[in-house]
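Work through the following exercises with the sequence and the model at hand. Each task is followed by a solution in steps.

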Amino acid sequence: MAIFLFGMLSLEEGFKAFTGGLLEKILNKTTNGLWKSMSFGVVTTTLMQSSSLVSVITISFLSAGLITLASGIGIIFGANLGTTTGAWLVAGLGLKVNISAYAMPMLVFGIILVLQKPKELKGIGYILAGLGFLFLGIHYMKEGFETFREHIDLTAYALSGLKGLLIYTLIGIIATVIMQSSHATLVLIITALASQQITYENALALAIGSNVGTTVTAIIGSISANINGKRLAIAHLVFNVVTGLVAITLIAQLITAVDWLSIKLGIASDNYTLKLAVFHTLFNLLGIALMLPFINKLGLFITKLLPEKEHEIAEPLYLNDAALELPEMALEAVRKETFNLYKYYFGIVCHGLSFRERDIKSYIPVEEIIQSHRKPIPVNIKEEYTNKIKGLYAEIVNFIGKANENMTQEQSNEVFELRSAGRAMLESIKSIQHLHKNLSHYINNPNPYIRAEYNQIRFRLGSILRGLSDLQNDPDEHRTALATLEAMKVGVLEADKQFFTDMNQLIREKHITGVMATSLMNDHSYTNNIANKLIEIGTILFKSQNTTLHEIEKSLMLDEKETAEAIAARKTTEQGAKEGKHED
């Protein structure tokens, strides 16, 4: 059994090597419908020979936001059906062919490939070694039961009727919980049945128990997952428990159906191992047929059962240990968690400028918002930073540290950029805190000149926030953020030059005091810092996901010298236009 389980671990390790960067695209194409999700579950479980593994990985997909809850439930349904292929392979092939003869060559070539440097060769090596250990494990279990039969007859402990059905179902659940694999339990049941160590009726009960017991692995895997991962684990439990109860209730009818199907399929009446495979497939199909019409209602029920919690202190939504299993899944988790961090940051910046977040995200012109809302919004920036930014960013950095070990250079560069975006958010919070203090004081000041200057600061930053909001909500996947971000960058430099001209005039004409001028200069510096950080964040978060297009964007972005030249050219054009008007 240990050799068999080790083979499963090796097989899992091998498949991880072939996940590549295409996982998200494959998931999007293969899980965007119920039948596609179920097919994905069937195929992956057939390949990996572990519904428990597929369940845990699916929970990770869901926690990372790669799939929806409905797609996750569909994959779980398919995984339950996919696990029946293992029973067919072992019952139909594993017990009739001397598979140990194939095990040794697989192990030899597998270990040789595992020792190679290329990731793909290592992956093939782990798969071959995994299959070799699986075959060897099945061979030893079969040999063990046959030797065991010579000394002790376990059929003496057979139980019939409802009592036997319930007790052996419980034994199947316990065995699966201990081994953390329904597939391993099934192999054990089939080899014991082939050696006549258990009766056919008790084997059916054990198979039902193994189906229910496999949910424990998913529940354990969901402990570190977010709320959606926990919902999927509950859905898995509900599905398997309902399927198990239906199988127990209709056991007599299912046995009759198995006998009828076996005759149609040409299976001998005394070939109990294949009949067990038929039974296992039949009751899983029955469970899917019964639950399929209620899949949406099941999702709604579980969502109500486990609602989203509103936290005063921001908590990670997508970071969980299961996502670390696959590099691209970890990358997607970091990307989504950085957007989660940005959501809190965006709100803090809006409130720090005395804007309501919903107004900035609306289509109301920023000037109108400023004119209609002149009262400062009371907000404790330091408390908001501590509760919603600092801890969450620390979680992201900690997660990246763990995930970076298995990532490619391209993936490492991506998470480095995302971490930089988070750092830019942290660094600009201090400027927001300082700016908020003076801004709250001056936007209601009786002096119209100082009030106008601070509203100009609000307008500058509010316009950048509006631009970033528009970029985030742009549904066009082929759009480029380059033009918007470049315009923002030019705008910051132009406003910087214009500020000193305007302020010198205000001081010269004695419209503002020296104290006001000092505050205004400090806050102008904070404004520039916030503006540049917002643009930096936008450049990272809203870049094109098309790699080729993103590289073109980077090559086209203006450096400081080119930006200054663009501003000078614009001023020359504007000056020429003014002179033309005077001549007219």
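## Exercise 1: Ser210 and its helix pair

The model is a predicted one. Ser210 sits in helix 11, which spans residues 200-213.

Task. Decide whether Ser210 is buried or exposed, and find which residues Ser210 touches beyond four places in sequence.

Solution. Start with the accessible area: Ser210 has a relative value of 0%. The cut-off for buried is under 20%, so Ser210 is buried. Next, list the contacts: Ser210 touches Gly172, Ile173, Thr176, Ser182, Thr185 and Leu186, with residues up to four places away in sequence not counted.

Task. Describe how helix 10 and helix 11 pack.

Solution. Two packed helices are described by the angle between their axes and the distance between the axes. For helix 10 (residues 182-194) and helix 11, the angle is about 175° and the axes are 9 Å apart. Angles over 145 degrees count as roughly antiparallel, and helix 10 and helix 11 are therefore roughly antiparallel to each other. Helix 10 makes the contact through Ser182, Thr185, Leu186, Ile189 and Leu193, and helix 11 through Tyr200, Ala203, Leu206, Ala207 and Ser210. By class, the residues of this contact are seven nonpolar, three polar and no charged.

## Exercise 2: Nonpolar cores

Task. Which residues of the largest nonpolar core touch the most other members, and which helix gives the most to this core?

Solution. The largest nonpolar core has 97 residues, and those touching the most other members are Phe77, Tyr342, Tyr345, Phe399, Leu468 and Leu541. Helix 17 (residues 327-352) gives the most to this core, with 13 residues. Then take Leu541: leaving aside neighbours within four places in sequence, Leu541 is in contact with Thr338, Phe339, Tyr342, Leu418, Ala421 and Met425. A second, separate core holds 39 residues, including Val90, Ile208, Ala247 and Ala277.

Note on methods:
Residues are numbered from 1 along each chain as its sequence is written. This is a predicted model: local features need pLDDT of at least 70, side-chain atom pairs count only at pLDDT 80 or more; totals for chains, interfaces and linings use all residues. Side-chain values use heavy atoms; hydrogens and water are left out. Helices (H or I, at least four residues) and strands (E, at least two) are DSSP runs, numbered from the N terminus. Buried means under 20% relative accessible area, exposed over 50%, partly exposed in between (1.4 Å probe, protein chains only). Contact means heavy atoms within 4.5 Å. A nonpolar core is a set of buried Ala, Val, Leu, Ile, Met, Phe, Trp, Tyr and Cys residues joined through side-chain atoms within 4.5 Å. Axes are lines fitted to C-alpha atoms, for helices over the stretch in contact, and angles run from 0 to 180 degrees between N-to-C directions. Angles under 35 degrees count as roughly parallel, over 145 as roughly antiparallel, 65 to 115 as roughly perpendicular and the rest as oblique. Ala, Val, Leu, Ile, Met, Phe, Trp, Tyr, Cys and Pro count as nonpolar, Asp, Glu, Lys and Arg as charged, and the others, Gly among them, as polar.
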